[in-house]
Amino acid sequence: MKAETKHGHVIDFLFPVVLFFILALSALTVILLAAGIYRSTAEDSALNDTSRASLSYVAEKIHQNDSEGAVYTGDFDGCDALVMKQSYNGEDYCTYIYEYDNNLMELFIKEGTRASAADGKVILKVKDFSMTSLSGGLIRFDCTDMQGREASIIAGLRTQPALGQ
């Protein structure tokens, strides 16, 4: 009896190896593309959420301080400002929210204290921030971030500003 030997072709070896490398390369390409898309989406979301969060912060400050004539738009050191007045232990204080030097700023000071717009705390870097008093106790806030993305909200006052404010 003769022992049979099997002679294989080179293609029998190369086909599975080439197929494995094609699948591995395809999987790596999909992973790299997905990572790039995720990174881009996460960055856009973070930037967009920053300006929205700042506008939500402004709206929440309004709702916290909304009492008879305590919230109104005004002027602080030459900047358009949202002014909120509060009393603590018989002393009157003001919170100003305004845009200064490409920053959305907040300043909490005792009423009558001299301060400049530069003294406030930075909330967010912005390209532009504006506020407009609308009828019916509404205030519109528009914010443009440093990448040019725009966000806006309209906040309503439950109480109307006092005359002359």
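Which glycine takes a positive phi in the hairpin of strand 6 and strand 7? I looked there before anything else. Gly 136 does, with a phi near 75 degrees. Three residues lie between the two strands of this hairpin.

**Entry: ground rules**

I noted that this is a predicted model, where local features need pLDDT of at least 70, side-chain atom pairs count only at pLDDT 80 or more, and totals for chains, interfaces and linings use all residues. Residues are numbered from 1 along each chain as its sequence is written, and side-chain values use heavy atoms, with hydrogens and water left out.

**Entry: overall layout**

I listed the elements of the protein chain. There are one helix and eight strands. (Helices are DSSP runs of H or I with at least four residues, strands are runs of E with at least two, and both are numbered from the N terminus.) From the N terminus on, the order is α-β-β-β-β-β-β-β-β.

Then I checked burial. Of the 165 residues in the chain, 28% are buried. (Buried means under 20% relative accessible area, exposed over 50%, and partly exposed in between, with a 1.4 Å probe and protein chains only.)

I went back to the hairpins. Strand 6 covers residues 128-134 and pairs with strand 7 in the antiparallel sense, over seven bridges. (Two strands pair if DSSP finds at least two bridges between them.) Phe 129 has Cys 143 in strand 7 as its bridge partner.

Strand 7 (residues 138-144) also runs antiparallel to strand 8 (residues 150-156), and seven bridges join them. Here I picked out Ile 139, whose bridge partner in strand 8 is Ala 155. Five residues sit between the strands of this hairpin, and Gly 148 takes a positive phi near 90 degrees.

I kept one general point in mind for strands. In a regular strand the side chains alternate between the two faces of the sheet.

**Entry: salt bridges**

I searched for charged pairs next. Four salt bridges turn up in the whole structure.

Glu 91 is in strand 3 (residues 91-100) and Lys 110 is in strand 4, so the pair ties together parts that are 19 residues apart in sequence. Glu 91 is partly exposed at 32% relative accessible area. Lys 110 is partly exposed at 37%.

Asp 142 counts as partly exposed at 21% relative accessibility, and Arg 140 does at 32%.

Is Tyr 98 buried or exposed? I found it buried, with a relative accessible area of 0%. Tyr 98 lies in strand 3. Its C-alpha atom is 9.8 Å from that of Ile 123, which is 25 residues away along the chain.

I then followed the chain into the loop between strand 3 and strand 4, where Asp 101 is found. Asp 101 is not a glycine, yet its phi is positive, about 55 degrees. Asp 101 is exposed, at 58% relative accessibility. Asn 102 lies in the loop between strand 3 and strand 4. Asn 102 is not a glycine either, and has a positive phi of about 60 degrees. At 34% relative accessibility, Asn 102 is partly exposed.

**Entry: a surface residue on the helix**

Val 18 is partly exposed, with a relative accessible area of 44%.

I also looked at strand 2 (residues 79-88), which includes Asp 80. Asp 80 is exposed, at 57% relative accessible area.

Key:
Salt bridge = Lys/Arg side-chain N within 4 Å of Asp/Glu carboxyl O.
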